[in-house]
Amino acid sequence: FDVDRNSRTESGSKKLYVAIYNPDGTLGNYENSKGGQIELRSGEKINYSDAITFDYTNGQAKNLVFDWSHEEFQKGVYTFNVYENGFKISQAKITLN
C-alpha cells in the first residue's frame with residue numbers, strides 16, 4: 001500500500017500496524033507475518049495481523065509491501081485497518097473476486 005505525502009509528519013523511522021479482517025470477520029493471520037497486540041491512545045487493545053517498520057521522509061510518498069508466502073485468500077471483502085503511534089490512521093476495504 002502507499003503512504004501518502006504528509007508535510008506535518010516528521011522524518012524518521014515509523015512503525016505501522018495492520019489489522020486485516022477476512023470476509024468472515026476473523027482477524028487474518030498469515031505465514032511470515034508479525035502479528036500481535038497493541039494498545040491505542042484510547043486505552044483499547046487491538047490485535048493486528050502484521051507490522052512494518054520503514055524510514056519516512058517528510059513530504060514524500062512511500063510504497064510499502066507485505067509479503068506472505070503460500071496464502072490462499074478466500075473470495076469476498078477484506079477490511080484493512082492501519083495504526084500508527086497509538087491511532088487508527090486509515091481504513092480500506094478490498095474485494096477479491
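Predicted model: local features only at pLDDT ≥ 70, side-chain atom pairs only at ≥ 80, totals over all residues.
Four strands form an open sheet, in which the order is β5-β2-β7-β8 and the pairing is antiparallel. Its edges are formed by β5, covering residues 50-56, and β8, covering residues 87-96, each of which pairs on one side only. On average, and with direction ignored, neighbouring strands of this sheet are turned by 25° against each other. In general terms, the strands of a sheet pair through backbone hydrogen bonds, in either a parallel or an antiparallel manner. Within the present sheet, strand β2 (residues 12-21) is joined to strand β7 (residues 76-84) by five bridges in the antiparallel sense, and Ala 19 has Asn 81 of β7 as its bridge partner.

The residue Asn 81, which lies in strand β7, counts as buried, because its relative accessibility of 7% falls under the limit of 20%. When residues up to four places away in sequence are not counted, Asn 81 touches Tyr 17, Val 18, Ala 19, Tyr 21, Lys 88, Ser 90 and Gln 91. With Gln 91, a polar contact of 3.1 Å is made from side chain to side chain.

Three aromatic pairs are found when the whole structure is searched. In one of them, Tyr 17 and Tyr 48 are arranged edge-to-face, with 4.8 Å from centre to centre and 65° between the planes. Because Tyr 17 belongs to strand β2 and Tyr 48 to strand β4 (residues 45-48), this pair ties together parts that are 31 residues apart in sequence. Tyr 17 is buried, at a relative accessible area of 17%, and Tyr 48 likewise counts as buried, at 10% relative accessibility. A further pair is formed by Phe 73 and Tyr 78, whose ring centres are 6.1 Å apart and whose planes stand at 80°, so that this pair, too, is edge-to-face. Here Phe 73 counts as partly exposed at 38% relative accessibility, whereas Tyr 78 is buried, with a relative accessible area of 4%. Together with Tyr 30, the residues Phe 73 and Tyr 78 form one aromatic cluster.

The largest nonpolar core has 12 residues, including Val 3, Leu 16, Val 18, Ile 20, Tyr 30, Ile 52, Phe 54, Trp 68, Tyr 78 and Val 82. At least two residues of this core are supplied by each of the strands β2, β5 and β7. Val 3, a member of this core, is in contact with Leu 16, Phe 54, Tyr 56, Gln 60, Ala 61, Lys 62 and Leu 64, its neighbours within four places in sequence being left aside. Another core, of eight residues, lies apart from the largest one and has Tyr 17, Tyr 48, Ala 51 and Tyr 83 among its members.

Arg 41 is located in the loop between β3 (36-39) and β4. This residue is exposed, because its relative accessible area of 53% is over the limit of 50%. Between Arg 41 and Glu 10, which are 31 residues apart in sequence, the separation in space is 19 Å from C-alpha to C-alpha.

Definitions and conventions: Residues numbered from 1 in each chain as written. Heavy atoms only, no water. Pairing = 2+ DSSP bridges. Axes fitted to C-alpha atoms, helices over the stretch in contact; angles between N-to-C directions. Phe/Tyr/Trp six-rings, centres within 6.5 Å; stacked < 30°, edge-to-face > 60°. Buried < 20%, exposed > 50% of the residue type's maximum accessible area, 1.4 Å probe, protein only. Core = buried A, V, L, I, M, F, W, Y, C linked by side-chain atoms within 4.5 Å. Contact = heavy atoms within 4.5 Å. Polar contact = N/O pair within 3.5 Å; in protein donor to acceptor, adjacent residues only side chain to side chain.
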